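Hi everyone, thanks for coming. Please have a look at the model on the screen, and then I'll walk you through a few spots in it.

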Amino acid sequence: MKDHDTLIEPMTSGHLTVTGSSSPTLTVLAGTDVGRVFTLDLGASVIGRSPESDVHIAHESISRQHCEITVRPQNLVLLRDLSSTNGTRVNDTEVPPGPMELQGGSRIRLSKKVVLKFAFQDTLERGVQEDLYSSAVRDPLTGIHNKRFFQERLEHEVTYALRHKTDLSLIMFDLDHFKKINDTHGHPTGDAVLVEIARRVHNTLRTEDVFARYGGEEFVVIMRGTPIAEADHVAGRILKAVRQHPIQTDQASIPLTVSLGVAGFQPNLFSTATAFLARTDLLLYQAKEQGRDCLVSSSIPNEG
């Protein structure tokens, strides 16, 4: 698991750049994470749906190892398809067997729904693009994902779970008595509480989990490939991590608790992201009705 001393950083490239004023980059134009920028390093980088890919695009329409881009000295960049299911096209031309040289500005289509743009960008250009992406998908207060990103990702994950018959779990939780905190201690303290909640919860999650602020004091976690029993365990860790220590301010020590709803995706009961979210929200409501500071799961009636 990655270091959780700070909140999630904007989802930009993790690769080393080639030397020179400009580096080869891929920008997502269509598909999951529109606007995300990947900076390519010297050597070969695999693009695909597999989390182990150098350029990971989490979309069910592309292959686990879809294609490969190789960066050579003097900015010679070659692309080859890795026998992908849907093939790879560059500027509407099918990539032939063997490598194809890429030119700056080329559009790489991995499927009807996933398109990348290849370009050489300097540090300033990359920074601007990364800032734009971050502002589009991140909550400015807590630094975690925002509602827009969550909704798009949940749609994708439900489609994936239906197609591949895999586990999918959703946790939804709400900070208890948040209005009282704001009214008593002021909105700056309320903001500080939300930031601290996000930090504590982030420390309990896996790198691959999608953690987002849904609105106000409400948060959500998408857990791909996770059975409900495991999600219940994570929700229990969240419950304990939040209540373990009060937050300290100059004026007071404020105890914190959350109420959680946990649902496992069940295609026979609901087959859309909207229905899945509504089910989880209902479980969260039940947790509040049962006195707060507890979780209610579709597999466990109540656990405190």
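Leu124, Val128 and Leu132 make a nonpolar surface patch of about 310 Å². Patch members have over 30% relative accessible area and no salt bridge, with like charges joined within 9 Å and nonpolar side chains (Val, Leu, Ile, Met, Phe, Trp, Tyr) within 5 Å; a salt bridge is a side-chain nitrogen of Lys or Arg within 4 Å of a carboxyl oxygen of Asp or Glu. Areas come from the Shrake-Rupley method with a 1.4 Å probe, and for residues only the protein chains shown count as cover.

This is a predicted model, where local features need pLDDT of at least 70, side-chain atom pairs count only at pLDDT 80 or more, and totals for chains, interfaces and linings use all residues. Residues are numbered from 1 along each chain as its sequence is written, and side-chain values use heavy atoms, leaving out hydrogens and water.

Back to Leu124: it sits in helix H1, residues 123-137 (helices, H or I, at least four residues, and strands, E, at least two, are DSSP runs numbered from the N terminus). Is Leu124 buried or exposed? Leu124 is exposed, because its relative accessible area is 64%, and exposed means over 50%, buried under 20%, partly exposed in between.

Now the rings. The whole structure has eight aromatic pairs (Phe, Tyr or six-membered Trp rings with centres within 6.5 Å; planes under 30 degrees apart are stacked, over 60 edge-to-face, the rest tilted). Phe265 and Phe270 are tilted, 5.8 Å centre to centre with 55° between the planes. Phe270 also pairs with Phe276, stacked at 5.5 Å and 20°, and both Phe270 and Phe276 are buried.

Key. Buried < 20%, exposed > 50% of the residue type's maximum accessible area, 1.4 Å probe, protein only.
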